[in-house]
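Open the model in your viewer and keep the selection tool at hand. This tour moves from the whole chain to single residues.

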Amino acid sequence: GYQILYFADVHYNPFYTPETSANYCSTDPKLDIVLPTSEPRAPYGREGCDSPKDLVLSTFRKAKEVAPNPDAIFIGGDFLGHGICLREGESYSEERYQILKDTTSEFNRMLTEAYPNTKIVFSFGNNDFLWHSQVPSSSKFRYEFYNFFFGEWFIDFKPNNEIWHELNNQKSFLAGGYYYYDITDKLRVIVFNSIYYGKHNDRSNDPEGARQQMNWLRAMLETCREEKKQAVILTHYPMGKWTDYSGRTEKVITDSAEDDFNSVLNYYKDQILIGLYNHLHTTVFDYFNFN
């Protein structure tokens, strides 16, 4: 069998300090205030705060002890802390964009230093874009944004070089941040950028790109059918309604996207091994009731 190491919603916050109060978690790069607290120093974080560097490093070290040589690592999106990105309505900021890139590079460096020889399959979360929950709107910025991550994930990290050599992976990634990787000749992981279909994404942000990605997903699964492969779908948003352990039910994608996605899953149900969804910050197991 194959061993996959899976991290989701790490939310790395480089601005956290051990002196941060439990009532004040600095996730806004514009704020450099450290509030004094009577609580003990907390270098590994506090409840309600995003993950500080010490916590991320200790997590990777412990993972290395438990799984020193996994066949691949999956990153389920939201590797960046809340507030690194701009909020809706905020103007473009070169400073904030540089903070996003620097934080991404630092997270990648921590992970790849722990696992320098393991392929890492990354996906985007809603906090990993320059504007929260918004895919890039203009074609010029879209290319620049995805090209930065393409360099970080596939060019600079040598074990991932062969992923972008897969047929058309560079084209699809630079177009919309989606791609695939054949872990074996019988198993394909399909990385789907679900942020396109989120309820909070402005519908005018690259609507053609959303249609193209759904068509690409069909083509990927059709290839799996023809080549007798099984598929793992890795994406950030749950692509439908979900219910957590408390009974709370929610949906973060649009109704039309849910219908389209479930139609694809139903048609290719024999090719899909599992869907790995993230974003919930809790463990939920569910199944699709195919017709």
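Helices (H or I, at least four residues) and strands (E, at least two) are DSSP runs, numbered from the N terminus. Residues are numbered from 1 along each chain as its sequence is written. This is a predicted model, where local features need pLDDT of at least 70, side-chain atom pairs count only at pLDDT 80 or more, and totals for chains, interfaces and linings use all residues; side-chain values use heavy atoms, with hydrogens and water left out.

**Stop 1: the whole chain**

Now show the C-alpha trace: along its principal axes it spans about 60 × 45 × 40 Å.

Switch to a surface. The accessible surface comes to about 14200 Å² (Shrake-Rupley method, 1.4 Å probe). Carbon and sulfur atoms own 50% of that surface.

Colour by charge next, with Lys and Arg as positive and Asp and Glu as negative; His and the chain ends are not counted. There are 29 positive and 40 negative charges, and their mean positions are 3 Å apart. Each charge is placed at NZ of Lys, CZ of Arg, CG of Asp or CD of Glu.

**Stop 2: the core**

How much of the chain is buried? Of its 291 residues, 54% count as buried. Buried means under 20% relative accessible area, exposed over 50%, and partly exposed in between (1.4 Å probe, protein chains only).

The largest nonpolar core has 78 residues. Such a core is a set of buried Ala, Val, Leu, Ile, Met, Phe, Trp, Tyr and Cys residues joined through side-chain atoms within 4.5 Å. Select helix H3, residues 139-155: it gives this core its largest share, eight residues.

Now pick Leu111. Leu111 and Leu217 have the most contacts inside the core. Contact means heavy atoms within 4.5 Å. Not counting residues up to four places away in sequence, Leu111 touches Phe7, Phe60, Ile73, Ile75, Ile120 and Phe122.

**Stop 3: helix H5**

Go to Leu174 in helix H5, residues 169-176. Leu174 counts as buried because its relative accessibility is 14%. Beyond four places in sequence, its contacts are Arg142, Tyr143, Tyr146, Asn147 and Phe150.

**Stop 4**

Select Ser133, in the loop between strand S3 (120-122) and H3. Its phi is near 65 degrees, a positive value in a residue other than glycine. Is Ser133 buried or exposed? At 3% relative accessibility, Ser133 counts as buried.

Jump to Lys228, in the loop between helix H6 (207-226) and strand S6 (230-234). Phi of Lys228 is also positive, near 55 degrees. Lys228 counts as exposed, at 63% relative accessibility.

End at Ala8, in the loop between strand S1 (4-7) and helix H1 (53-66). Ala8 is partly exposed, at 36% relative accessibility. Which residues does Ala8 contact, leaving aside neighbours within four places in sequence? They are Gly76, Gly77 and Asn278. Tyr277 is 269 residues from Ala8 along the chain, yet their C-alpha atoms are separated by 9.0 Å.
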